[in-house]
Amino acid sequence: MDANQYQDPVELLSAKGGSSVVPLRWQGGNLYLLDQRLLPYEEVWLQYSRPEQVACAITDLVVRGAPAIGITAALGMVLAAMCLKEEKEDLLRDKWLGHAERMISARPTAVNLAWAVKRMKRAFDVFMEESSTSGLSGLVKRLEREAMSIWLEDVRANLTMGEHGQALFPEEGGVLTHCNAGALATGGYGTALGVIRAAIANGKKIHVVADETRPWLQGARLTAYELAKDHIPVTLTVDSASGLLMRKGMIRAVIVGADRIAANGDVANKIGTYNVAELARANGIPFFVAAPTSTLDLDTPGGDEIPIEERPPEEITTIAGKIFTVPEARVYNPVFDITPNNLISAIITEKGVLTPPYGPAISACMS
Ligand code: MRU
């Protein structure tokens, strides 16, 4: 069956032999999230029935990765509708929109979050205008349909990006990825890891190199975990080893995901991405970004305008709860950086592969 014929994201993933990991479940009117803070040591599913709990889960990194938090927020807005009580339409709207604002502010950099909540708001408004008679249960059904479409479209986009992107890879050799832009960061399959999965499925002899991604260790904990689950060999390095590996010829391409891509093609992604991009350029290695069009932000002209999230110092000063620095040390913990567009060889989207100059390529792709 063609990918477009599946209406359920999880069915689509299993039919297409996607990834064995999916970071969320929607069951019986509850949201379940695989707690990514505990991976790879423990696989614990947490249950959510209230939108404010979902917003906290996003802030606390129970779920992370730009597309995954967008889908989670959309399902959180379904929970927000399920918690509404019959009352005047204005009050109902204010309550629901209050949850939407809280949801959007859960994390500032990944634009997929605001994008998904805006889509839910549109569905809410259209429902209110058109079908005031079918009441709250009708509203919940309409929003559930919208959230599931967001999830389904994300999986479809990942599978399509995989096909577009894998053609850019060499037939064999090391491919470096930073952070986790895999199944755990999306509705399943992944953006950067999706391209890697597709390349391997197409017979390319790719060896994945994952850097550990200090301080939260998305590479060491999450990328290594999900690739191991799918029996894809992975070599783990410290972040600062990338230059050496590139000079030794062990890396033939770099691929990362994105949290937001500005209208000029500047990319916000996990802190350290910019370093890798500069090293790739210095060593003549192609640097690819894979992201669905929901990550493209035409309202943000360039990277300097993208808000960069800062997180608590403990993420840097502790490992497994143990402090390993002195209390006098000040800490600065920005968790994303900006890779300027001139360092990017191509941006792989579900609508095609974009190449420089990115301004016109992005506006054509979005028009
Ligand atoms: O802080 P995180 O773990 O949410 O950061 C995630 C990333 O930087 C990913 O590379 C990005 O969201 C793309 S995920 C497909």
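1. An oxygen atom of the ligand lies 2.8 Å from an N or O atom in the side chain of Asp259. Taken alone, the ligand exposes 420 Å², and the protein buries 99% of that. Accessible areas come from the Shrake-Rupley method with a 1.4 Å probe; for residues, only the protein chains shown count as cover. Gln218 also has a side-chain N or O atom 2.8 Å from an oxygen atom of the ligand. For Arg107, a polar side-chain atom is 2.7 Å from a ligand oxygen atom. A polar contact is a pair of N or O atoms within 3.5 Å; within protein, one must be able to donate a hydrogen and the other to accept it, and residues adjacent in sequence count only if both atoms are side-chain atoms.

2. **What kind of model this is.** This is a predicted model: local features need pLDDT of at least 70, side-chain atom pairs count only at pLDDT 80 or more, and totals for chains, interfaces and linings use all residues. Residues are numbered from 1 along each chain as its sequence is written, and side-chain values use heavy atoms, with hydrogens and water left out.

3. **The shell around the ligand.** Which residues come nearest to the ligand? Of the 17 residues around it, they are Arg64, Arg107, Gln218, Asn269 and Lys270. A residue is near a molecule or strand if one of its heavy atoms lies within 4 Å of it. Helix H3 (66–82) and strand E9 (267–270) each supply at least two residues of this shell. Helices (H or I, at least four residues) and strands (E, at least two) are DSSP runs, numbered from the N terminus.

4. The ligand sits in the largest cavity. On a 1 Å grid over the protein atoms alone, a cavity is a set of points where a 1.4 Å probe fits but cannot get out. A molecule sits in a cavity if more than half of its atoms lie within 2 Å of its grid points.

5. **Glu146.** Glu146 is in helix H6 (residues 135–166). Is Glu146 buried or exposed? It counts as buried, because its relative accessibility is 11%. Buried means under 20% relative accessible area, exposed over 50%, and partly exposed in between (1.4 Å probe, protein chains only). The side chain of Glu146 makes a polar contact with the side chain of Arg119, at 3.0 Å. Setting aside neighbours within four places in sequence, Glu146 is in contact with Arg119, Met120 and Ala123. Contact means heavy atoms within 4.5 Å.

6. **Two cis bonds.** Most residues other than glycine have a negative phi, and most peptide bonds are trans. Check the bond from Leu39 to Pro40: it is cis, with omega near 5°. Pro40 is in the loop between strand E2 (30–34) and strand E3 (45–48). The bond from Pro356 to Pro357 is cis too, with omega near -5°. Pro357 is in the loop between strand E16 (352–354) and helix H12 (358–366).

7. **Two positive phi values.** Leu217 is not a glycine, yet its phi is positive, near 65°. Leu217 is in the loop between strand E5 (205–211) and helix H8 (218–229). At 23% relative accessibility, Leu217 counts as partly exposed. Ala320 is not a glycine either, and its phi is positive at about 50°. Its place is in the loop between strand E12 (318–319) and strand E13 (322–323). Ala320 is exposed, because its relative accessible area is 84%.

8. **Ile251.** Ile251 is in the loop between helix H9 (242–247) and strand E7 (253–256). Ile251 counts as buried, at 4% relative accessibility. How many residues apart in sequence are Ile251 and Gly174? They are 77 apart, but 4.5 Å apart in space, C-alpha to C-alpha.

9. **Ala198.** Ala198 is in helix H7 (residues 192–201). With a relative accessible area of 1%, Ala198 is buried. Ala198 and Glu163 are 35 residues apart in sequence; C-alpha to C-alpha, they are 6.1 Å apart. Leaving out residues up to four places away in sequence, Ala198 touches Gly162, Glu163, Gln166 and Tyr189.

10. **Asn342.** Asn342 is in the loop between strand E14 (336–339) and strand E15 (346–349). Asn342 counts as exposed, at 53% relative accessibility. Return to Pro357 here: Asn342 and Pro357 are 15 residues apart in sequence and 8.8 Å apart in space, C-alpha to C-alpha.

Methods. On a 1 Å grid over the protein atoms alone, a cavity is a set of points where a 1.4 Å probe fits but cannot get out, and a pocket is an open set with protein on both sides within 12 Å along at least five of seven lines; lining residues have an atom within 4 Å of a point.
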